[in-house]
Amino acid sequence: MFTCTGRCRHVLSLLSVLSLCGALGAATFTFQEGATTPVVGGTYSGAEDANILSGFANENVGQRADFEVANNGVNSVIREVMRWDLSALDGYVVSTAWFDAKVKQVRTGAGANTINAYEIFPTDWVEGIGAGVGGSATADDRGVTWNRRNQTNHSPLEGPTWAAGGLAAGTDRGTTVLGSYAVTGSEAVGATTRFTFTPAGTAALTGWANGASNGGMLLQASNESTPAVIYHSSQAAQAERPVLTINAYKPLTNVPSGLELWLDATDVASVATSGSAVTSWLDKSPKARSADWYSLGNQPTYVLSSINGLPAIRFNRGDLRISGGLDIAAGQERTIFAVFNYTTLTGNNEIMGTSTGQMIDVGQWTPTGNQNQRLRLRQDSANAFSPAGSFPTGSSILTAQALSGSTLAWRNGSPLALSPTGEALHYDMGVGSSVNYYIGGATFNGRQMIGDMAEVLIFDRALSAGDLNDVGIYLQDKYGLTGGYLPNTPPTPDADGPYTLMEGRVVTLDGSGSWDFDFDLLTEYAWDLNNDGLYDWTGASPAASFHFADLLDLGLNVGPNPVTLRVTDDDGMWATAQTTLILEVPEPASLTLLAMAACGLGGYVRRRRR
């Protein structure tokens with residue numbers, strides 16, 4: 001659990017509440033034309049696909065129940081235009097994706113081939129209503145063809161054209177491969193072929209999900225003289241249609257303050273390479289540093305598929321150097337996140353550290369009794385260890401935090417018992433002029449990391465429990481890891497009450513009992529006093545005071561009135577709770593005396609008045 005050191009409002013075991021939520025990981029979405037798709041709230045109808053044929057350059061086949069890419073073995077090069085509406089994934093980042101298509105037929109002479117996809121730039125192409133080729137010119141040829149984006153008439157030919165037939169021009173399509181699938185020519189009818197998106201492809205899908213112009217993609221064979229394999233299209237019988245599968249996560253939009261370093265290998269643009277060898281890993285934080293190769297040890301390489309199928313930097317006893325280090329002084333509090341996969345127990349794997357020998361490492365540490373699969377935090381000559389076996393090989397999110405006088409660490413959101421528990425992560429990370437900081441190692445001593453590093457975030461302060469969880473759930477979902485971080489949930493409002501207010505007085509409504517399950521700060525309290533759905537008071541304080549007369553002016557009645565409290569957290573999530581406010585008016589004194597006299601209490605009243 002996250003140990004609260006006076007910074008968080010509720011001490012809560014993340015592991016215990018995890019059992020209420022189930023296992024967590026990247027969200028998976030599937031899209032198939034005509035199928036029920038929960039993310040769209042009903043039946044999906046956003047798949048478009050159509051073959052375009054060089055031998056029938058002015059005929060549309062958008063409603064054909066199959067598609068093929070390469071050659072029909074007779075008289076046509078055949079390409080495919082395909083588009084998926086992904087607007088239901090607005091706000092998500094696509095991590096991995098693929099679509100599966102079922103084999104309908106294998107043409108005679110079909111052989112090995114690679115089918116690549118390229119982005120289509122014009123968005124105004126239309127799938128069309130044609131179902132076959134070779135017939136006479138008819139109105140059914142309206143839609144996309146080899147020559148036109150949207151053929152509106154066959155005779156005479158009308159409609160906007162591609163810059164070149166078959167989307168051969170650079171203004172029609174990109175040159176970057178978004179994904180591919182391999183054809184052998186020996187596929188079995190009914191078998192499934194998988195098209196897998198590259199990082200460039202997942203970036204395109206992310207853009208299409210978040211409002212970028214969606215022209216879809218062109219499927220084109222590397223060898224267009226080879227007869228094709230024919231697949232069922234989105235116009236086939238329901239069970240035969242292609243299925244798009246997407247793994248996606250919510251990005252870290254509410255980045256906590258104090259970010260000193262953010263290295264993210266999934267951001268392809270942030271990694272500079274020579275071939276596959278990494279020359280620089282650019283920092284996404286406002287500090288805009290870079291971790292650079294400096295010609296010692298084995299040069300790290302960039303791999304496109306590592307943890308959860310995402311890119312990473314692969315280290316093999318080499319490291320990347322941040323010249324001048326970070327702006328974190330000795331003794332200063334800090335928080336470190338690292339997502340990595342280490343693969344060897346031979347010696348300690350130095351994950352990161354300084355040029356002065358301070359470091360974080362995992363694996364084996366022989367001098368202390370061959371402690372395998374553990375975490376070590378080293379400051380000067382002091383070592384803080386987690387127990388043997390607590391940090392196994394494989395994929396992990398490491399979180400480490402330096403507090404005043406103590407050190408905390410977690411693996412995948414679960415706490416690690418460090419021994420000793422004093423200061424072990426409090427060294428100078430770069431304020432001293434001679435200090436450099438290293439990723440994948442600490443110094444060139446042959447004990448640098450063997451494994452993949454996907455992402456590193458370092459903050460110059462000890463994050464609150466809410467901030468720890470926000471960053472942790474982002475990393476956990478993104479990399480498909482199961483752990484103790486919690487998905488964001490709305491706050492739990494507490495409006496207290498019921499309240500009673502006498503005429504002429506003031507009432508204070510109190511929402512201070514409200515709290516947030518995943519440690520987020522409560523940033524706004526709002527009160528709807530007259531039950532009209534509009535909030536009459538909004539502020540950062542949980543308490544608000546109101547005078548009797550002002551409440552009458554708002555339309556409240558003498559007697560019970562429903563009052564609603566809305567509480568919002570710093571992630572923008574909110575929830576409401578209702579209470580009752582009773583307005584009372586004292587009875588007039590004369591009426592009170594008459595009532596008392598009727599009850600035989602007059603003598604008492606008279607004695608009191610004498």
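Two strands count as paired here if DSSP finds at least two bridges between them, where strands (E, at least two residues) and helices (H or I, at least four) are DSSP runs numbered from the N terminus. With that in hand, take β33 (residues 506-510): this strand pairs with β36 (residues 543-547) in the antiparallel sense, over five bridges. If you want a landmark along the pairing, T508 stands opposite S545 in β36. β33 also has two faces, with V507 and L509 on the covered one and V506, T508 and D510 on the uncovered one.

A word on what you're looking at. This is a predicted model, so local features need pLDDT of at least 70 and side-chain atom pairs count only at pLDDT 80 or more, while totals for chains, interfaces and linings use all residues. Residues are numbered from 1 along each chain as its sequence is written, and side-chain values use heavy atoms, with hydrogens and water left out.

How confident is the predictor? On pLDDT, its per-residue confidence from 0 to 100, the chain has a mean of 87, and 88% of its residues reach 70 or more. Residues 1-25 stay under 50, and the model has 59 contacts (heavy atoms within 4.5 Å) beyond four places in sequence for them. Residues 601-610 stay under 50 too, with five such contacts.

The loop between β9 and β10 holds P156, which is joined to S155 by a cis peptide bond with omega of about 0°. L167 sits in the loop between β9 and β10 as well, and has a positive phi of about 60° although it is not a glycine. L167 is buried (under 20% relative accessible area, against over 50% for exposed and in between for partly exposed, with a 1.4 Å probe and protein chains only), at 0%. N531 also has a positive phi of about 60° without being a glycine, but N531 is partly exposed, at 46%. Its place is the loop between β34 (522-528) and β35 (537-539). Another cis peptide bond joins G497 and P498, with omega of about 5°, and P498 lies in the loop between α3 (465-478) and β32 (499-502).

Definitions and conventions. pLDDT = per-residue confidence, 0-100.
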